[in-house]
Amino acid sequence: MVTDTQMQPKKLAHIHLGVDGGAERFFVRLTGALARRGVEQIAFIRKDRPWRDDLARHCDVREMTFSRSHLKRHVIRWDIARQIRAFGARSTMGWMSPASKWMPKPGPSMRTFLRLGDWPDGFHTYGNVEDLIGNTPEIIRQAIEMGWPAERAHVISNFVDPLPTDLKPVDRADYNTPEDATVLIHLGRFVERKRFDLAIQTVAGLPETVHAWLIGDGELMSDMKALASNLGVQDRVHFLGWQRDPSPFLKAADILLCPTDEEPLGNVVLEGWTAGLPVVATASPGPSWLIDHGKTGLLSPCGDVDGLVGSIAEVIRSSKLRESLVRGATEEILKRWSEDSICQKYLSTLFEPRN
């Protein structure tokens with residue numbers, strides 16, 4: 001029997017204060033996928049976001065100034081709530097803890113959710129949040145351990161788009177990389193927990209035919225360049241800066257490296273799988289949840305340079321292992337991390353009546 005609630009148009013409001021990174025890429029990706037499934041959406045974002053036009057292709061975008069002033073905050077939140085009511089949203093989803101400050105009050109006709117892609121940092125601004133959505137079990141486990149009600153916590157992970165069949169890889173020569181080199185690729189912000197230092201040390205422990213592409217930016221960039229120089233691998237470690245679309249680089253690489261210490265999910269693992277790369281990672285919470293060691297990737301203890309060196313050497317040495325890992329990862333993507341699978345979980349969580 002179809003209920004009145006199920007017959008209502010699916011309308012969703014988003015509040016997203018992010019700048020530009022992997023989380024923002026997934027935000028645009030998810031809103032596009034939901035739009036293709038008939039969800040009408042409105043999004044409140046900061047002004048001048050580089051992904052604004054991509055979002056606007058399938059979402060009504062409202063650019064806002066989110067003031068830190070306590071008084072102005074109430075006025076802005078009231079204005080957002082007014083616009084959400086006028087839009088007729090059945091659910092509102094904030095993205096990451098900063099968005100919780102701007103959430104409207106829930107009511108009989110609208111539910112509120114906060115989507116977390118990183119560890120919870122306390123609930124002092126969560127007053128208008130009814131339910132949490134975490135993209136890994138560990139995020140939700142920590143939230144429940146901190147006191148969040150288990151019945152109002154959900155795990156829904158990410159998906160990544162398949163690479164276009166006509167996508168051209170970057171030309172290695174443009175990045176001073178030999179055509180016959182084995183290229184490791186590591187992506188993320190240059191912050192401590194992403195362990196770019198481990199990636200560089202790993203290259204230093206491998207033959208000179210192994211190069212690394214480090215994609216990202218951040219405060220530790222100059223330190224990492226100095227480390228590469230000190231270890232004598234400055235000609236084999238290439239700092240490629242932030243790339244809004246890393247797909248052509250993934251297609252030109254050979255192995256995805258994820259050496260992080262504290263990775264909630266590891267979206268780069270999904271991106272590496274989708275690009276057909278074998279994945280070598282450390283066993284931080286996200287990658288160890290995603291990867292079945294020996295079947296969909298190789299895991300070694302966090303901080304273990306020798307373990308990473310050994311895993312990469314094994315992948316380089318054995319074409320049979322490399323092909324097996326890629327095949328296993330491809331099957332895993334289709335089974336558990338497809339767009340349709342993830343979107344169905346969002347649709348049922350956001351729009352079906354609460355049990």
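Reply: Helices (H or I, at least four residues) and strands (E, at least two) are DSSP runs, numbered from the N terminus. On that numbering, Asp48 sits in the loop between S2 and helix H3 (52-56). Keep in mind that the model is predicted.

Me: Is Asp48 buried or exposed?

Reply: Exposed means over 50% relative accessible area. Asp48 has a relative accessible area of 69%, so Asp48 counts as exposed.

Me: What is phi of Asp48 near?

Reply: Asp48 is a residue other than glycine, and its phi is positive. The value is near 60°.

Me: Where is Met96 found, and what is its phi near?

Reply: Met96 is found in the loop between strand S4 (91-95) and S5. Its phi is also positive, in a residue other than glycine. The value is near 75°.

Me: Which class of accessibility does Met96 count as?

Reply: Buried needs under 20%, and exposed needs over 50%. Met96 has 27% relative accessibility, so Met96 counts as partly exposed.

Me: How much space lies in the largest pocket, and which residues are closest to its centre?

Reply: About 1000 Å³ of space lies in the largest pocket. Its lining has 39 residues. Closest to the centre are Gly21, Gly22, Ala23, Glu24 and Lys194.

Me: Which element gives the most to the lining of the largest pocket?

Reply: Two elements give two or more residues: helix H2 (22-36) and helix H9 (267-274). The element that gives the most, with five residues, is H2.

Me: How do the residues of that lining of the largest pocket divide?

Reply: The classes are nonpolar, polar and charged. For the largest pocket, the lining divides into 16 nonpolar, 12 polar and 11 charged.

Me: And the second largest pocket: how much space lies in it, and which residues lie nearest its centre?

Reply: The second largest pocket holds about 600 Å³ of space. Lining residues number 24. Nearest the centre lie Arg25, Arg29, Asp161, Asp245 and Ser247.

Me: Which element gives the most to the lining of the second largest pocket?

Reply: At least two residues each come from H2, helix H8 (247-252) and H9. By class, this lining has 10 nonpolar, four polar and 10 charged residues. With seven residues, the element that gives the most is H2.

Me: How many residues are in the largest nonpolar core, and how many in the second, separate core?

Reply: In soluble globular proteins, nonpolar side chains tend to be buried together. The largest nonpolar core has 56 residues, and Leu30, Leu55, Met93, Ile185, Leu256, Trp273 and Tyr346 have the most contacts inside it. The second core includes Phe190, Ile200, Ile255 and Leu325, and its size is 28 residues.

Me: Which residues is Leu55 in contact with, leaving aside neighbours within four places in sequence?

Reply: Leu55 is among the residues with the most contacts inside the largest nonpolar core. With its sequence neighbours set aside, its partners are Phe27, Val28, Thr31, Ala43, Ile45 and Val61.

Me: Is Arg36 buried or exposed?

Reply: Arg36 is in helix H2. Its C-alpha atom is 8.5 Å from that of His58, 22 residues apart along the chain. The relative accessible area of Arg36 is 57%, so Arg36 is exposed.

Me: Which backbone oxygen does the side chain of Arg111 reach?

Reply: Arg111 lies in strand S5 (residues 111-116). At 15% relative accessibility, Arg111 counts as buried. Residues that Arg111 touches include Glu130, Asp131 and Glu352. At 3.4 Å, its side chain reaches the backbone oxygen of Thr349.

Me: Which side chain joins that of His238 in a polar contact?

Reply: His238 is found in strand S10 (residues 237-241). It counts as buried, at 9% relative accessibility. Residues touched by His238 include Tyr175, Asn176 and Trp213. The polar contact is 2.9 Å, and the partner is His211.

Notes
Residues numbered from 1 in each chain as written. Predicted model: local features only at pLDDT ≥ 70, side-chain atom pairs only at ≥ 80, totals over all residues. Heavy atoms only, no water. 1 Å grid on protein atoms, 1.4 Å probe; cavity = no way out; pocket = protein on both sides within 12 Å on 5 of 7 lines; lining within 4 Å. Points joined across faces, edges and corners; volume = space filled by probe spheres on them. Nonpolar A, V, L, I, M, F, W, Y, C, P; charged D, E, K, R; others polar. Buried < 20%, exposed > 50% of the residue type's maximum accessible area, 1.4 Å probe, protein only. Polar contact = N/O pair within 3.5 Å; in protein donor to acceptor, adjacent residues only side chain to side chain. Contact = heavy atoms within 4.5 Å. Core = buried A, V, L, I, M, F, W, Y, C linked by side-chain atoms within 4.5 Å.
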